Amino acid sequence: MPTTIRKIGNSRGVILPKHALQALGVAEGGAVEFVYEPGRISIVPARRKVREGWEEDARRIAAAGLTEEEREWLDADLTSETDDAWDAYTEEDMARVETELLASGVVKP
C-alpha cells in the first residue's frame with residue numbers, strides 16, 4: 001500500500017492505517033521497533049522484557065483488593081473431598097476411559 005512521508009514537527013513520519021496497527025496487534029500509543037535490513041525497514045511490536053510491568057500490576061491489583069470469591073479460594077482447605085474418588089476406579093474403568101479417549105481422537109496413541 002503506497003503512502004507518503006509527512007512532516008511531523010521537526011521529524012518526518014508515516015501514518016499507519018488502523019488495519020495495519022490491528023494486524024501488528026499494537027494499539028495507539030503502543031511501542032514498536034524498527035528492524036533495518038538492506039533496502040527495507042520493518043515495523044514490529046516491541047518485545048517486552050520478562051516480567052516488565054509486573055510490579056505495577058501487582059500494586060494495582062493489591063490496591064483494588066480481593067473479591068469475596070477470591071478470599072474464599074485463598075482461605076480454602078488444600079485438600080478435597082474428592083481426593084479419594086480416584087481410588088474407586090478399577091483398572092477396567094481406566095482401560096475403558098482410555099479406549100474411549102483414543103476412539104474419540106482426544107488422545108493420540
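In the predicted model, G25 is found in the loop that runs between helix α1 (18-24) and strand β3 (32-37). G25 is exposed, at a relative accessible area of 65%. The distance from G25 to E56 is 22 Å in space, C-alpha to C-alpha, and the two are 31 residues apart in sequence.

The largest pocket holds about 300 Å³ of space. Its lining includes V26, A27, E28, G29 and G30, together with V32 and F34. I5, V14, L16, L21 and I43 also line the largest pocket. Sorted by class, this lining consists of nine nonpolar residues, two polar residues and one charged residue.

Helix α2 spans residues 54-64 and is hardly covered. Among its eleven residues, the count of buried residues is zero. Just after α2, G65 takes a positive phi of about 80 degrees.

The model contains four salt bridges. Side chains of opposite charge can pair when their charged atoms come close. One of the salt bridges joins the side chains of R59 and E55, with an N to O distance of 2.6 Å. Both residues lie in helix α2, where R59 and E55 are four residues apart, or about one turn of the helix. R59 is exposed, with a relative accessible area of 56%. E55 has a relative accessible area of 48% and is partly exposed, because the exposed class begins over 50%.

A salt bridge also links R60 to D57, and here the closest N and O atoms are 2.9 Å apart. R60 and D57 again both belong to helix α2, at a separation of three residues, about one turn of the helix. R60 is exposed at 52% relative accessible area, whereas D57 is partly exposed at 31%. An α-helix has 3.6 residues a turn, so residues three or four places apart point the same way.

In helix α4, D93 forms a salt bridge with R96. The closest N and O atoms of D93 and R96 are 3.9 Å apart, a distance that counts because the cut-off for a salt bridge is 4 Å. D93 and R96 are three residues apart, about one turn of the helix. D93 counts as partly exposed, with 23% relative accessibility; the buried class ends under 20%. R96 is likewise partly exposed, its relative accessible area being 41%. Salt bridges with shared partners join D93, R96 and E100 into one network.

A nonpolar patch on the surface is formed by V97, L101, L102, V106 and V107. Together, the residues of this patch have about 370 Å² of accessible area. V106 is exposed, with a relative accessible area of 64%.

Key: Residues numbered from 1 in each chain as written. Predicted model: local features only at pLDDT ≥ 70, side-chain atom pairs only at ≥ 80, totals over all residues. Heavy atoms only, no water. 1 Å grid on protein atoms, 1.4 Å probe; cavity = no way out; pocket = protein on both sides within 12 Å on 5 of 7 lines; lining within 4 Å. Points joined across faces, edges and corners; volume = space filled by probe spheres on them. Nonpolar A, V, L, I, M, F, W, Y, C, P; charged D, E, K, R; others polar. Patch = residues over 30% accessible without salt bridge, like charges linked within 9 Å, V, L, I, M, F, W, Y side chains within 5 Å. Areas by Shrake-Rupley, 256 points an atom, 1.4 Å probe, with all protein chains shown as cover. Buried < 20%, exposed > 50% of the residue type's maximum accessible area, 1.4 Å probe, protein only. Helix = DSSP H or I, 4+ residues; strand = E, 2+ residues; numbered from the N terminus.
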